[in-house]
Amino acid sequence: MKKKLVLGMVSMMGLFSLAACGNSANDAVVETKAGDVTQQELYDAMKAKVGDQYVSQIAMTKILEDKYKVTDKEIDAAYKTFEDQYGDQLASMLQQSGYTEKSFKSDYLKFDLLSTKAAEASVDTSDKALEAYYKTWQPNITVEHILVADKAKADDLHKKVTSGGNFEELAKANSTDTGSATQGGKLAPFGPGKMLPEFEKAAYALKNKGDISPVIKTDAGYHIIKMLDHPAKTTFEKDKAQVKKDYLATKVTAESKTAALEKLYKKADVKIDDKDLKDAFTQYDGSASKAADESTTTK
């Protein structure tokens, strides 16, 4: 019931910084009786392993920051959405991917937010476009849910929550959605198109705080949903700020971000001085898409 957290790269920015600093490339970063590890050896090893990934991200971050700005407040807000979604699991998930909270914010979230702003810049957000979207737009709602695999167990839990049982405690003890279970079943606010269709329909049917759905079956299992907050749709002018935010969210995709980065790359006059990193920017210079097209043509 939640978006999967995908961390594309292991954070090694600090190591690159370490390898780049000091008086000499031959300075030791590790000393042993069997021999020292020099800054140059460390740099060469990291360059061979993840050099393409990181030189492109570092360079593209500089290119993005030349046109767009991301504040610490925006980064903290983005991080909070992950905290709300993954709860106590977030720290271990970041650790498994090689991130600390600090490096996740500075390396992953900052780049993602900058890329998002670049993609948003090409979206038509005129009143005409937003008013057309507003016709089917619905405010984000906030719910709690309990997810189990067995229908009989779901029916039993439904009887308990509808007869005065503590929904949050029952979610913590029984829900198989481990991310939300630790939060008493609470999910991050969501709008149309963000959840499985059956779940979304049942959730939006709950109009008042505290309303509880019947047992709902989806591909994920059996759900019981409790409404926490269901804001009413008012007028375009009053809802406009949130409408624009939600509209942009529907338009900004991985593809649109890549397209925006490709345009910026072409204008940035990038020159690669290290031949070992000559392929670092293929995802932005059109080489990858050209190769894919040629492969499709020859089949």
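Residues are numbered from 1 along each chain as its sequence is written, and side-chain values use heavy atoms, with hydrogens and water left out. Because the model is predicted, local features need pLDDT of at least 70 and side-chain atom pairs count only at pLDDT 80 or more, while totals for chains, interfaces and linings use all residues.

**Helix packing**

Helices (H or I, at least four residues) and strands (E, at least two) are DSSP runs, numbered from the N terminus. Axes are lines fitted to C-alpha atoms, for helices over the stretch in contact, and angles run from 0 to 180 degrees between N-to-C directions. Two packed helices are described by the angle between their axes and the distance between the axes. The table gives these values for two pairs.

| Helix pair | Axes come within | Crossing angle |
|---|---|---|
| H3 (residues 72-86) and H4 (residues 89-96) | 8 Å | roughly 115° |
| H3 and H5 | 9 Å | roughly 105° |

The angle with H4 makes H3 roughly perpendicular to H4, a label that covers 65 to 115 degrees. Contact (heavy atoms within 4.5 Å) between them is made by Tyr-79, Phe-82, Glu-83 and Tyr-86 of H3 and by Gln-89, Leu-90, Met-93 and Leu-94 of H4. By class, this contact has 6 nonpolar, 1 polar and 1 charged residues. Here Ala, Val, Leu, Ile, Met, Phe, Trp, Tyr, Cys and Pro count as nonpolar, Asp, Glu, Lys and Arg as charged, and the others, Gly among them, as polar.

H3 and H5 are likewise roughly perpendicular to each other. Residues in their contact include Ile-75, Ala-78, Tyr-79 and Phe-82 of H3, and Phe-104, Tyr-108, Leu-109 and Leu-113 of H5. The contact of H3 with H5 has 8 nonpolar, no polar and 6 charged residues.

**Nonpolar cores**

A nonpolar core is a set of buried Ala, Val, Leu, Ile, Met, Phe, Trp, Tyr and Cys residues joined through side-chain atoms within 4.5 Å; buried means under 20% relative accessible area, with a 1.4 Å probe and protein chains only. The largest core has 29 residues, and Met-60, Leu-64, Phe-104, Leu-109 and Tyr-284 have the most contacts inside it. Helices H2 (39-65), H3, H4, H5 (101-120) and H12 (254-267) each supply at least two of its residues, and the largest share, 7 residues, comes from H5. Leaving aside neighbours within four places in sequence, Leu-64 is in contact with Phe-111, Leu-114, Ser-115, Ala-118, Leu-261 and Leu-264. A second, separate core of 13 residues includes Ile-141, Val-143, Ala-203 and Leu-206.

**The sheet and its helices**

An open sheet of 3 strands has the order E3-E5-E4, with antiparallel pairing. Strands E3 (142-148) and E4 (216-218) stand at the edges with a single partner each, so one side of each is left without a neighbour in the sheet. Direction ignored, neighbouring strands are turned by 40° against each other on average. E3 and E5 (residues 221-229) pair over 7 bridges, where strands count as paired if DSSP finds at least two bridges between them. Val-148 stands opposite Tyr-222 in E5. Helix H7 (residues 151-162) packs on the sheet, touching E3 and E5, and its direction makes about 25° with that of E5.

In helix H10 (residues 197-204), Phe-199, Glu-200, Ala-202, Ala-203 and Tyr-204 are buried. Their cover includes E3, E4 and E5.

**A loop residue**

Asp-269 lies in the loop between H12 and helix H13 (282-285). Its phi is near 55°, a positive value in a residue other than glycine. Most residues other than glycine have a negative phi. Asp-269 is exposed, with a relative accessible area of 54%, exposed being over 50%.

Note on methods
Angles under 35 degrees count as roughly parallel, over 145 as roughly antiparallel, 65 to 115 as roughly perpendicular and the rest as oblique.
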